[in-house]
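Biologist: I am new to this entry and would like to know what the terms rest on. Can we go through them one at a time?

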Amino acid sequence: MRTLTYGQAISEATVQCMAADDSIFVAGEGVDDIKGTFGTTKEAYARFGAGRVIDVPNSENAMAGFAIGAAAAGLRPLLVHTRADFMFLALDPLVNLAAKWRYMYGGDKGGVPVVTRGVVGRGWGQGATHSQSPHATFAHYAGLHVAAPASPADAKGLLVRALTGETPVVLVENRNLYPLTGEVPEEATPIDFGVGRIARRGDDVTVVATSLMVHEAERAAEQLAGRGISVEVVDVRTLRPLDDRIICESVARTGRLVVADTSWARYGFSAEVAAVVAEHIPQALTAPVRRLTLPDSPAPVSWPLEEAFHPGAAGVVEACLRLCGQAPGDLPALADVAAGFQGPY
Amino acid sequence: MTSGPARLLRDMVRIRVVEETLADHYRDEQEMRTPTHFSIGQEATAVGVCAATRPGDWVYTAHRSHAPYLAKGGDLTAMVAELYGRQSGCAHGRGGSIHLVDRTAGFAGSAAILGEMIPVAVGTAWAFARRGGTRVAVTFFGDGATEEGVFAESLNLAAVRRAPVVFVCENNLYSISSPLAARQPAGPTIRDRAEAAGVTAVQVDGNDVFAVHDAALTALRHCRDGGGPYLLELATYRWREHVGPGHDHGHGQGYRPVEETEAWIARCPIARAADALRDRDPGIDRTVADWREQCREEIRDAVAHVRQQPFPDVEALLDGAYQPVPR
Ligand SMILES: Cc1ncc(C[n+]2csc(CCOP(=O)(O)OP(=O)(O)O)c2C)c(N)n1
Ligand SMILES: [Mg+2]
C-alpha cells in the first residue's frame with residue numbers, strides 16, 4: 001500500500017468525498033489560504049474552487065449555526081478551525097442545537113450532520129489559548145460524536161465516515177501529526193466510530209491513548225521492551241462512542257492501566273477510561289490506575305515551562321515503570337514527538 | 001524632553017525601532033518562542049490614541065499588542081523579557097507576546113481570541129463610571145474582530161449603558177490572508193455599524209498620527225463628559241507578515257498585491273509626521289536620526305540585559321493558576 005502523511009490523508013478524504021457528493025462544502029477562516037490549513041484544504045480548494053471551499057468571516061459562533069441550517073436543508077458542511085480553542089465560540093450551537101437536533105424534534109425528523117475539524121497541540125509558545133485539546137469537552141455531550149485519529153489511515157477513514165454519516169461529528173487533529181506518514185488505502189473506505197485498535201500488543205501494562213499520545217505510547221513501549229516490560233497500546237480512535245470492550249479486554253489481561261492524554265485529568269478522557277475499567281472489571285486491576293495528563297495550570301509560554309508542561313513518551317515510560325514496581329530514571333530520556341518541531345510558532 | 005507633535009513622532013520612532021530590532025532578533029536567534037504580531041507600519045494608531053489617554057485610563061488590546069503597550073508607557077524591558085520567556089517578563093513568561101500587561105502604566109492586558117477584549121473594556125468602563133470619576137477604558141482590535149458576534153453585542157451594551165469606552169478599530173484591510181472584501185460587504189463601514197448601534201463613530205486616516213490624536217482627544221473628552229461610547233475606525237496597513245518577523249508581499253504568498261503594499265509603505269506614518277513638522281522644524285530629520293540611534297541603543301541594551309536573565313523555575317509551573325493557599 002502507498003504511504004501518505006496524516007495531512008495528505010485528510011486532504012484525500014476531503015477531495016474524494018467532495019467528488020462523490022456535491023452537497024459537501026468546506027468552510028473556515030483562511031481555508032483558501034496558500035498554506036491551506038496545514039495543507040489539508042489546499043487540494044480541495046484547487047479542485048473545487050471558492051464556491052465549495054469557502055473562506056468565511058471571523059464568526060465561529062454564527063458559522064456553527066449557519067452549518068446547522070445548511071445541514072438541515074440537505075447540505076453537508078465540513079467546518080475547519082485552525083485552533084480548536086476557537087471552537088469555544090461555537091460551543092453553543094454545537095452543544096445546544098446540533099447535538100440535540102434529532103432528539104429534541106422527536107427523533108424522526110433527521111439529524112444535522114455537521115462535521116467540525118479542530119486543530120490542537122503545541123507549537124512554539126502557543127500558550128494558554130492556542131494549544132488546548134478540548135476533545136473531552138465535546139465528548140461530554142450526548143448527540144455528538146468525537147474522534148481523535150492517530151494514524152493517517154484512521155484520519156482518512158474516520159473523516160470519510162463522518163462525511164457520509166448522519167451524526168454531527170467533531171474531529172480533533174494534533175498538528176504535530178500532520179507530517180507523520182503511514183499506509184493509507186486508495187479508496188474512500190469509512191472506519192466506524194466506536195471501534196478501537198490495538199496499536200501494539202503487550203502483556204504487562206495497557207496504555208490507553210488517542211491522537212498524538214498513541215505515538216508517544218508506542219515509542220515508550222519500544223524503550224520499555226528493552227527493560228523486559230511488555231506494553232500494550234490501545235488507540236481508542238473515537239472518544240464517543242468509546243470502545244469499552246477493547247479497553248476492558250486489554251486491561252483484563254495486563255492488570256495494569258495507564259491513560260495518556262494531551263488534556264487535563266479532571267473530568268477528562270483519562271477519567272472516563274478509568275471509570276469504564278472501574279465499572280466493568282474492578283477486580284482486574286493489580287495496581288492503581290495511572291494518568292499521564294497536563295499539570296493543573298493553563299499552558300505556559302516560556303520554553304522550559306512548556307517543555308515541562310506537555311506529556312510525552314518519557315512520562316509514559318515513567319508511569320509504566322512505576323506500575324511495574326521498577327525504579328524510573330536510568331533510561332535515556334525520550335524526546336516528545338513534537339520535539340523535532342523547528343518552529344517558528 | 002519633547003512634547004506635543006514632536007513627542008508623537010518620537011514615540012512612533014521608538015516603537016518602530018524596537019519592533020524592527022526585535023524582528024531581527026526573532027528571525028536570527030529563534031529564541032523568542034512565542035507567536036509575535038508586529039505593528040510595523042501601524043504605529044500612528046497606537047501612539048495617536050494612547051498619547052491622548054490619561055495615566056488612569058486603561059487600554060486593552062488584541063494580539064497586535066506591542067505598539068499600544070509601549071505607547072501607553074508599558075515597561076520595555078519587561079516586554080522584551082516576556083518575549084524571551086523570562087521570569088522577569090511582564091507576565092513572568094506565562095503569557096508571551098499576546099498576553100502583555102503593565103497595570104502601572106494602565107495597560108490592562110492583551111488577548112488573542114478575536115473580539116475577546118471588546119466587552120471586557122465595556123465592563124471596565126462601566127465599573128469606572130459606577131465608581132464616579134472620569135476614567136475611560138480603551139480597547140484596540142482589528143477589522144477582522146468586528147465580524148465576531150461579540151463586537152455587535154458590545155456596541156449595544158456600551159450604548160445602552162452609556163459606558164465610557166473608546167473602541168479603536170485598526171482597519172488594516174486583512175485578517176491574516178483574507179481581504180476585507182471577502183469578509184465584509186461593500187457599503188456599510190465598521191464606523192457605520194457602530195453608529196447604527198448608537199455609538200458615536202468616526203473614520204480617520206490611521207497613518208496620520210496628528211489626526212488620530214485629535215480624534216482620540218475628542219473621543220476621550222466625549223466619554224469623560226458622560227456622552228457614552230465612541231468608536232474610532234482607523235485606516236492603516238501592516239507591513240510585515242501577519243505573525244512573525246518576515247515580509248510576505250512579493251514572495252509568492254500572493255494574498256496582497258505588491259503595488260498595494262508598496263503604496264502603503266509610501267504612506268509611512270513616521271515619514272508623514274516628519275514631513276508635517278519640517279516647515280516649523282527644518283532640523284527634524286537630524287532629530288529623528290538621533291532618536292533612532294538612542295532607541296537602538298535602548299532596545300539593544302534591553303535585549304542584552306534580558307538574555308542574561310533566568311527562565312522561570314520549572315518547580316513553579318503551577319504558581320499563579322489559583323490564588324495561593326496559605327500554608
Ligand atoms: C476567535 C478567533 N478566531 C480566529 C482566530 C485566528 N486569528 C488570529 S489573528 C486573526 C486575524 C485577525 O484580523 P484582525 O482582527 O483584522 O487583526 P490584525 O491581525 O489584522 O491586526 C485570526 C483570524 C483567533 N485568534 N480567534
Ligand atoms: Mg486586520
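This is a predicted model: local features need pLDDT of at least 70, side-chain atom pairs count only at pLDDT 80 or more; totals for chains, interfaces and linings use all residues.

Biologist: How do you know that domain 1 of chain A is in contact with domain 2 of chain A?

Modeller: Contact requires heavy atoms within 4.5 Å. By that rule, 30 residues of domain 1 of chain A touch 27 residues of domain 2 of chain A. The two domains bury about 2,200 Å² between them, with 56% of it on carbon and sulfur atoms. On the domain 1 side, A:Arg122, A:His135 and A:Ala150 lose the most area to domain 2, together 24% of what that side buries.

Biologist: Why is the pair of A:Glu306 and A:Arg122 called a salt bridge?

Modeller: The cut-off is a side-chain nitrogen of Lys or Arg within 4 Å of a carboxyl oxygen of Asp or Glu. The closest N and O atoms of A:Glu306 and A:Arg122 are 3.7 Å apart, so the pair qualifies. Between domain 1 and domain 2 of chain A the count is 4 salt bridges. There are also 15 residue pairs in polar contact between these domains, both residues at pLDDT 80 or more.

Biologist: Which elements supply the side of domain 1 of chain A that touches domain 2 of chain A?

Modeller: α6 (135-139), β6 (145-147) and α7 (152-164) of chain A each supply at least two residues of that side. By class, the side has 15 nonpolar, 13 polar and 2 charged residues.

Biologist: How many residues of chain B are in contact with chain A, and how many salt bridges are counted between the chains?

Modeller: 36 residues of chain B are in contact with 32 residues of chain A. The chains bury about 2,800 Å² between them, 61% of it on carbon and sulfur atoms. In chain B, B:Arg33, B:Ile113 and B:Leu317 lose the most area to chain A. The salt-bridge count between the chains is 0, while 12 residue pairs are in polar contact across the interface.

Note on methods: Residues are numbered from 1 along each chain as its sequence is written. Chains are lettered from A and ligands numbered from 1 in the order in which they are written. Side-chain values use heavy atoms; hydrogens and water are left out. Buried area is the accessible area (1.4 Å probe) that two parts lose on being put together, summed over both. A polar contact is a pair of N or O atoms within 3.5 Å; within protein, one must be able to donate a hydrogen and the other to accept it, and residues adjacent in sequence count only if both atoms are side-chain atoms. Helices (H or I, at least four residues) and strands (E, at least two) are DSSP runs, numbered from the N terminus. Ala, Val, Leu, Ile, Met, Phe, Trp, Tyr, Cys and Pro count as nonpolar, Asp, Glu, Lys and Arg as charged, and the others, Gly among them, as polar.
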